[in-house]
Amino acid sequence: MAKKQYAFYPGCSSQKKASADNFLRSIDKVCEKLDVQLNEIPDWNCCGASIGYGEGGELPRLVLSARNLALAEQNMPGQDMVSVCPACWLASRETAERMHESQSLLAEANEALKEAGLNLKGEVKARHFVEVLIEDLGWDAMKAPVVKPLEGLKVAGYVGCQTNRPFGIAGESFENPKYLDKMVETMGAEPLTRYEQKVTCCGGALAFSEPEKAQKQIRDIVESAYDHGADMIVTPCQLCQANVEIYQSEINKKQGTKLNLPVVYYSQLMTVAYGGSAKEAGLDGQLIKAEKLEGIASK
Amino acid sequence: MSDMNTQAVARYRNNFLKEVEERVEDGHWVRMCMQCGVCAGSCPLGPHWEHSPQKIFMMIRAGKREEVLTSDAMWMCTSCYNCIVRCPRKLPITHIMHGLAHYSHRLGLAPKGQPTREIAKLFWDSLVKTGRVNELKFSLAMYFKDGFGQGIKNAMAMQGVGLGLVKAGRLNPMEILGGHACKDKGGIQKMIAKAQEIENRKKGLTA
Amino acid sequence: MADNKFAAYICSGCGIGDVLDVKAMEKIATKEGKMQVVRSHPFLCNEEGVQLIRDDIEKEGVTHVCIAACSRRAKAEAFYFPTVALSRANLREGVIWVVAEGSDHDEVRQEMAEDYVCMGCAEVKKMKLPAGNPNRAENKRILVVGGGMSGMTAALEIAETGYEAVLVEKTAALGGMAAKLLKRVPFNGAYAEAQPTGAAELAARVSAHPKIKVHLSSTVAETAGAPGRFQVKIAQESGNVAEEAVGAIVQATGFTPYDLAKLPELGGGQANVVDQAGLEALAMAANGGAIKRADGKEVKSVVFVQCAGQRGSGGNGSGQHLEYCSGHCCGTSIKQAMYFKDANPEVDTVVMYQDLRVPGMGEDFYRSAQNKGVIFTKAKVDGVTGGDTCQVRMKDLILDEEATVDADLVVLATGQVPNAGVNLDQWTEVVTAAEGGSEEAKVQKIELQKGSVLNLSYRQGPDMPQFKYGFADSHFICFPYETRRTAIYAAGPVRRPMDMFQAIEDATGAALKAIQAVENAAAGRAAHPRAWDLSFPQARLEGCTQCKRCTVECPFGAIDEDERRFPLFNESRCRRCGTCMGACPVRVISFENYSVDTVGSQVKAVNVPDEFEEKPRILILACENDAYPALDMAGIQRITYSAFVRAIPVRCLGSVNTIWITDALNSGYDGVMMMGCKKGDDYQCHFVKGSELAHYRMSKIGDTLKQLGLETERVVTHEVAITDNARVAQMINDYVAQINEIGLSPMKGFG
């Protein structure tokens, strides 16, 4: 089977030595096993993320994503643009759809893009890496490379917000998406399907500006996973991963709790199940060590 | 007539609604709210804001310009999009709240020192400078937004986390010297400036 | 008359033969049932089985048939033998499907089945083949009272179906309220824009239709007779009286807007405060242009106040004015707000509502108005002052604050008041007083009569009974067009508050019901809900004590009194519920196929074991409309209940004569369960009052029980809905447990 090719938009947090550096390592391994090639878009820029609206107006924000789309169109013609970050995906997809729907908006965006020497036709699709896995490859293909089923691992699938809303994965419900549990199951682990905080907000960017409010959210997310007997939380989102993992020690300090639950990416589970090492899975990047998963990796 | 009544006379007229429709992102949707309150019940920060989206939309329709534009409610948005997917009238509530936040910020009416407003500005500035967001610089700037002394305190408080991230290879202390950036920084800056110019023209705003 | 010949047929199909001893049942049917022909068949409802019965009827002269198979509600087409009296013993839904499985239960199951066979045989022996109403009448013309949207629609539907309609309209023109509207809310399409009412076109069609005769400027002066033979006097403006003979009547007399003058707290009666009808008049005058007030000033700002004087709000929270929601007003205000926005989008248009109720596709219409810039505010309006600048004092319920809003014009959405004629409760009171000699009451009676719509010459009063809040009678929950006056149907806002779309639908429904009624009357059959029924009540007048219970309790006013004060049955008005039969203390009223004897003999046919056997027997008298189907459904779902019960279907709980209960208790039954439909304001009783009357009668049975030395718990009355299959089984089991606790009846062995 020919390698599947995609224009890849990694996003700021997946850069080298950035907060999701380890995520990208595991994504690389998964792609290698599944025969997927991600071609990084040259000179991509930030999507504006969810907090850009304060200072950046509507069109300035849209053109940020329009530039990435234009670069993908120009450099990787015919390839879908793929993101691993929900915020990047959300901004790119919203822009791509709006540009596709409105000629006048596209004209305005192109007037601005011209300043950066670019032009957008508005044909490229913005997709999430999870969509590639589920829609382009399918469950059987995802299962095929499994050599070390993650037996005995109890995993709380924490989907969070932006992978799930407002677009979400086709066919999934906003209130109870099931694909993440299915991925956990496909890797041989046990999904905790009744985990209530599956789509609860972790506070997002407000973890910085409103730490107390965000940490209340995070505490609920972690404690509920404990209640269901989770060994770890798995998530598809960089900001979710960072917030839920990083602030556990803070919450312990302030509220006297003893939270210490690993938070990993789905691609890290996959890498280990596919026979990758702890390092290849980026497990050395965990603040809270995912010992059980490391144990399986070293077997 | 007392002041209260003078104010009341202008109430429930279309003026402010029209302003919002013309100048706020997705503002034309405000008239379509049917006041069910699902958004208010769906917001993770529900217990913390002064006005729910439902109330903000009603205030706009009741002509309460000042109260809307000085509210901190819009700045409590975590961008979780729960309100959007649940709204039975399909109002893009998250976008409207972002739009209102931006508009009140542009007019200088948004609450001073509102922490999310501050980080939003820092984030954008960081982005415009290099085309990408530099997490360390952004974080440091965040800690020091309230002045040097508070900044040291903030940074010290999160020191353990920072060191942990450095050790885990997820925060690069060398970024302070430069770090990630787009090659075509200049082009990006010119592009953003142009987009802002178009938007100002369209919405009748002065830069 | 040929000799009677009785036959019983026992089916062993559907598993009956697997768990029951069919041979034993045959023996019982012969010996105890005294049937002259007894046969069993493995598949009685198939062609061969049915032919077997048919042959016996045709060749053997069988006149009475008892079929012991499935429920009477199943296989009715197969077991249709119109020339013989027919009873059904329910062995399938009533026995094998509800008695617990296993050999432990073989004995009680067989006892139950044999009892049902005996009961079926006993019943059929007391039945006669009904001959049909002897007073059938063939007039198939239909009178429509009211020439508004509902009336015109009803007349046209009747005429287009091929029947003749006579339409009486009080005013000089057809069209009613609809003719006074600029536009109506949309019924179809995108539901986004107001549409032309179509009233003028409809009026033209009605006027020109060869099968419709229109009386304008006319009222109904008298309605006498019965279904199929009403004689109607029509008073014309000229003073002349025309006479029309009709078979059925549709009353579509509509509504009057609630009197604005009664709402001074909301500015009623003050300048520039109008109701929705007033706004229509202004809009008609503007005809699509800018709407101007009475003083000629163009309206630049308008406030609509919803629920004005409605829903108990009264505008000042006093609970006065109308208690109910008129249903159409939200849609109407949305439409009227659009009049302003369509003419000039700059007009500030605010709708103040407490709950915006836009049923059906009204939601899209609401959305369209929002799209046009109408502002909707959830608010409680505390007061309105009219004048050059009107002021609306309100509390915004979302913002939780009070404000005063100025407007050039205020529109009050007031409610619909039905034009339903005379309130019969009031009428009865005045008539009783007048008959008692009160001169004042005599004057009052004449005044009341002037407000009558139909001027019925029925002993129950000049109009149909009124429902809650003065709306014309309607079997609100189950059969909306049915009233308690057979062949007289209510349609449109006279029946309940509604909008034009609903009124049109209502009128169509009522027209079809009226057609059914004239056809049934002509065929000598009952009207809904026993529309196939050819039986009719017969009274043995020599035994009658003239107690009047039957005339008073008949829910349909079917029974008058003759000159000797004996009950006079109007068979065509009768619905065959048997409430008169249940009411009669001397048991002189019966139907050919349903009588004190047909049920009483079944009660006695049950073999009641003596007290040492410790097997209680409980009689269930179940309404055939809801409770009996619920019991059947329990069987279909294989929900088990005690095998100690014996269920007999009755036409209505109102038909239950207390003799059945005393007979049962005297012969050693341990308890009696009565199961009927829901009673009260939201009744589901198919005969309106039957269930309520039964409950009332049973509340008085305590004394009888005490005289017999029995506990009051031995007779219980339940409300059962058709969906209560699981509940009804539980109810039975609980009652059997309760009876076991009380102990078996001390009456056993004396019966």
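Visitor: In which loop of chain C does C:Ala487 lie?
Guide: In this predicted model, phi of C:Ala487 is near 70°, a positive value in a residue other than glycine. As for its place in the chain, C:Ala487 sits in the loop between α12 (439-450) and β21 (488-490) of chain C.

Visitor: Does C:Ala487 count as buried or exposed?
Guide: Happy to work that through with you. A residue needs 20 or more other C-beta atoms within 10 Å of its own to be called buried. C:Ala487 has 28 C-beta neighbours inside 10 Å, so C:Ala487 counts as buried.

Visitor: And C:Asp400, buried or exposed?
Guide: C:Asp400 is not a glycine either, yet has a positive phi of about 55°. Its loop runs between β17 (390-396) and β18 (401-407) of chain C. The cut-off for exposed is 12 or fewer neighbours. Because C:Asp400 has 8 C-beta neighbours inside 10 Å, C:Asp400 counts as exposed.

Visitor: Where is C:Pro529, which C:His528 joins through a cis peptide bond?
Guide: Omega of the bond between C:His528 and C:Pro529 is about 0°. C:Pro529 belongs to the loop between α13 (500-523) and β22 (538-539) of chain C.

Visitor: In chain A, which loop holds A:Pro166?
Guide: The peptide bond from A:Arg165 to A:Pro166 is cis, with omega near -5°. A:Pro166 itself is in the loop between β5 and α7 (179-186) of chain A.

Visitor: How many residues of strand β15 of chain C are buried?
Guide: Let us take the two faces in turn. In a regular strand, side chains alternate between the two faces of the sheet. On one side of β15(C), C:Asp348, C:Val350 and C:Met352 are buried, and on the other C:Thr349, C:Val351 and C:Tyr353 are buried too. For the strand, residues 348-353, the count of buried residues is therefore 6 of 6.

Visitor: Which residue of β16(C) stands opposite C:Met352?
Guide: Strand β14 (residues 301-305) of chain C runs parallel to β15(C), joined by 5 bridges, and C:Val305 stands opposite C:Met352 there. β15(C) also pairs in the parallel sense with β16 (residues 375-385) of chain C, over 4 bridges. In β16(C), the residue opposite C:Met352 is C:Thr377.

Visitor: Which are the edge strands of the open sheet in chain A?
Guide: The 4 strands follow the order β6-β5-β7-β8, with parallel pairing. Within the sheet, β5 (residues 154-157) and β7 (residues 232-235) of chain A share 3 bridges, and A:Val155 has A:Met232 as its bridge partner in β7(A). An edge strand pairs on one side only, which gives β6 (190-191) and β8 (263-265) of chain A.

Visitor: What is the radius of gyration of chain A, and how does chain A compare with a globular protein of that length?
Guide: Chain A has 12 helices and 8 strands. Buried residues make up 62% of its 299 residues. The globule rule gives 19 Å for that length, and chain A comes close to the rule, so chain A is as compact as a globular protein of that length, with a radius of gyration of 19 Å.

Visitor: Which element gives the largest share of the side of chain A that touches chain B?
Guide: Of the 2 pairs of chains in contact, A and B share the most contacts, whereas no contact joins chain A and chain C. On the A–B side, 55 residues of chain A are in contact with 53 residues of chain B. Elements giving two or more residues from chain A include α1 (21-34), α2 (58-75) and α10 (238-255). The largest share, 5 residues, comes from α2(A).

Terms used: Residues numbered from 1 in each chain as written. Chains lettered and ligands numbered in written order. Predicted model: local features only at pLDDT ≥ 70, side-chain atom pairs only at ≥ 80, totals over all residues. Contact = placed C-beta atoms within 7 Å. Pairing = 2+ DSSP bridges. Rg over C-alpha atoms; globule rule 2.2 N^0.38 Å.
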